[in-house]
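The points may be read alongside the sequence and the coordinates.

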There are 2 protein chains.
Amino acid sequence: MNGSPVWGSASDRADEVRLARAYLCTVAEPPAPALAAFVDEHGPVAAAARVRRGEVPKRVASETDARRGRDVAEAHLRTARTIGARLLTPEDRDWPVAPFASFAICEHEHLHAPLALWTLGPGRLAELAERSVAIVGSRAATGYGTWAANWMAHGVAELGFTVVSGAAYGIDGAAHRGALAAEGPTVAVLACGVDRIYPAGHERLLRYIASTGLVVSEYPPGAVPARHRFLVRNRLIAGLAAGTVVVEAAWRSGARRTASDASLLGRPVMAVPGPVTSALSAGCHRLLREPGTVAVTRAEEVIEEVGRIGIDLAVSPAPAIQMRATDVLSGPTLRVHESLAERALDLRELSVDSGLPIELVRTALRELERRGMAERVERGWCRRRGLVAGGWRGDA
Amino acid sequence: MNGSPVWGSASDRADEVRLARAYLCTVAEPPAPALAAFVDEHGPVAAAARVRRGEVPKRVASETDARRGRDVAEAHLRTARTIGARLLTPEDRDWPVAPFASFAICEHEHLHAPLALWTLGPGRLAELAERSVAIVGSRAATGYGTWAANWMAHGVAELGFTVVSGAAYGIDGAAHRGALAAEGPTVAVLACGVDRIYPAGHERLLRYIASTGLVVSEYPPGAVPARHRFLVRNRLIAGLAAGTVVVEAAWRSGARRTASDASLLGRPVMAVPGPVTSALSAGCHRLLREPGTVAVTRAEEVIEEVGRIGIDLAVSPAPAIQMRATDVLSGPTLRVHESLAERALDLRELSVDSGLPIELVRTALRELERRGMAERVERGWCRRRGLVAGGWRGDA
């Protein structure tokens, strides 16, 4: 940004910037890499003025000429105010500067930060994005996928992370709901205006997110959810979150694009495994076969990828496992234990059976006796059931 | 090996070697790294003679002293002959030289080639091992795992590969059966003598394998399936096969050891994903989270890892997918297509709605018209359903 507020108050200046950004984010259909670069170079106010007059380089013109005469910025800002939405701009304190910084260093042209974001809800985007995970996947999710998305999101939210998703049917909705059930914040990034309820069946969900978290879009109020907008929107989901989890996805799927964007932005890509019989896990397994994708089976493993070491848990604990009494035995002791039987065997017999020297057999028997797993009897040694730390347990 | 046959016929000499190996593979309980190195150094006949007399270094003695006086080699060879088994030695043409060469360069002491192998069945081990895959997993398999093992093994066998496994209940059995159902060869590596039916419930399966493929063990006839022998046996499954697939495994599992041995031997390790809700897939997912493990969902992906490029298929084809008429459209053309509606729109309206310059809209419309996806009407352009290569298809 260049220039400084030489006229009017700071507030007037802020309004002017906001109006310019409202114009800019409508005048070109994202992704509009040439316009984005042009705004970076000249600042929003000067850039908007030049776009309006058509005084721009050819590449910018081809992105902006079709709509430059149709200035609906004030109308959009009015509509937003009516429904309680606002236009968040890079000049605002809530702008997610750190997450979006990756766009600047990413070399893929279509991956650029939005020129502004329309937001609806009490959440503060910069704060929400700081510790966040994108959980995405198919609209046509299975019962398994819906459960997994819900459960993962619930766990991620309980660990203090925001769940970012796209509010679609299937995995997206299940992820938002899992976070809400854990009373965690969740952010829905739409491919249409934040004044639109899309999909229609998610009206209650969207209202709930708008009342507790944040509904976000780079498309102005009234914008329809055109098909190509979903893929363009996916870069924002990938760019806001510290990592992306694909829960269920067909072999070809929009979620793959989110994962690919996340990877290009240098964020961890995770996939939830599922049955190989499920066409809705084929996309996840395809991702898992690509370098860099991490298989995740629970929220702790997700946080392990995106969490900050030392602050969030660094290594997830192993799931609870059953110990056998013999688990603690070293190789030779285990072999002697295997050779023991109900009937008594002497040292020589145990040595031949186990293939171990007499001295090793003797040492092993001492350890087994101490553990209550071998018993000295009249003609030698017998096996006994083992004592495990914490209590007696049958050694099956 | 040193020395040459200075007395008797070549056949006498071969019998002498076989007898020496029969003695050596019983005198120490595998893994017996010191004895293995001693035999490599002195050859089987001289090594056997010195072990019998106790004229060996201390490390070898500690592996062999307990049993060196109990020479049951001739009895074992007799028993083997009775049941139609034989002792395969490194001196035989059928010895799997190439697969076992990895043991020599592997630095892990417990991973050494067997001193000999007792085999039962018509299969020739070297030939069977040349194109082979180990398919292993839990005894307590689920319906899903059993199906997956069977299906994978069937596919692997149909692609001309031998299925190597451990004949246990659960995944192992399902893998052998899948190969047999495809009339493919399969090799069962046991942790007991080849004369023993273990597990008892697999009597028919083992007899079938012994009549069509090969049952193999480094333990002599009569040896019982002691617990520690399963882990030791697993190195032979990993060492014979060109790669190891774990289909289902608990968090802690013997199949993990097979996978770990395969990895140490430089062979590909593969795991079949499953539901994250399944404790029997936890071991597979744990493997998938470790570097180097490849997720496999069908036989072609397995062969991709172990097959020889140019001979076996190198890249598996993508599964059949549904094409949408819009899948073939480039970005701008897709955007214009999205802007089209049932009612006619003129060039200017389409330009504003899509945000594209008039010229690009015109080019896009020409393409869409050619594809039968747009129609010129009185006042502009309308959307039409698309024509896809091969036939008409609704564009949902």
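1. Ala167(A) lies in the loop between strand E4 (162-165) and H9 of chain A. In this predicted model, Ala167(A) has a positive phi of about 65°, although it is not a glycine. Is Ala167(A) buried or exposed? It has 24 C-beta neighbours inside 10 Å and therefore counts as buried, the cut-off for a buried residue being 20 or more.

2. A positive phi, near 55°, is also found at Glu183(B), again a residue other than glycine. Glu183(B) belongs to the loop between helix H9 (171-181) and E5 of chain B. With 9 other C-beta atoms within 10 Å, Glu183(B) is exposed, because a residue with 12 or fewer is placed in that class.

3. In chain B, the peptide bond from Tyr198(B) to Pro199(B) is cis, and its omega is near -5°. Pro199(B) is located in the loop between strand E5 (186-189) and helix H10 (203-212) of chain B.

4. Helix H8 (residues 143-158) and helix H9 (residues 171-181) of chain A pack with their axes 7 Å apart, at an angle of about 35°. The crossing of H8(A) past H9(A) is right-handed. Residues of H8(A) that make the contact include Gly145(A), Ala149(A), Trp151(A) and His154(A), and among those of H9(A) are Ile171(A), Ala174(A), Arg177(A) and Gly178(A). Sorted by class, this contact comprises 10 nonpolar, five polar and one charged residues.

5. At the interface, 38 residues of chain B are in contact with 38 residues of chain A. Among the elements of chain B that each supply at least two residues to this side are helix H8 (143-158), helix H11 (227-240), strand E9 (293-295) and helix H16 (347-354). The residues on the side of chain B that touches chain A consist of 21 nonpolar, eight polar and nine charged. Of the interface residues of chain B, 100% are also interface residues in chain A, so the copies meet through the same surface.

Conventions
Residues numbered from 1 in each chain as written. Chains lettered and ligands numbered in written order. Predicted model: local features only at pLDDT ≥ 70, side-chain atom pairs only at ≥ 80, totals over all residues. Contact = placed C-beta atoms within 7 Å. Helix = DSSP H or I, 4+ residues; strand = E, 2+ residues; numbered from the N terminus. Nonpolar A, V, L, I, M, F, W, Y, C, P; charged D, E, K, R; others polar. Axes fitted to C-alpha atoms, helices over the stretch in contact; angles between N-to-C directions. Left-handed = near helix turned anticlockwise from the far one by under 90°.
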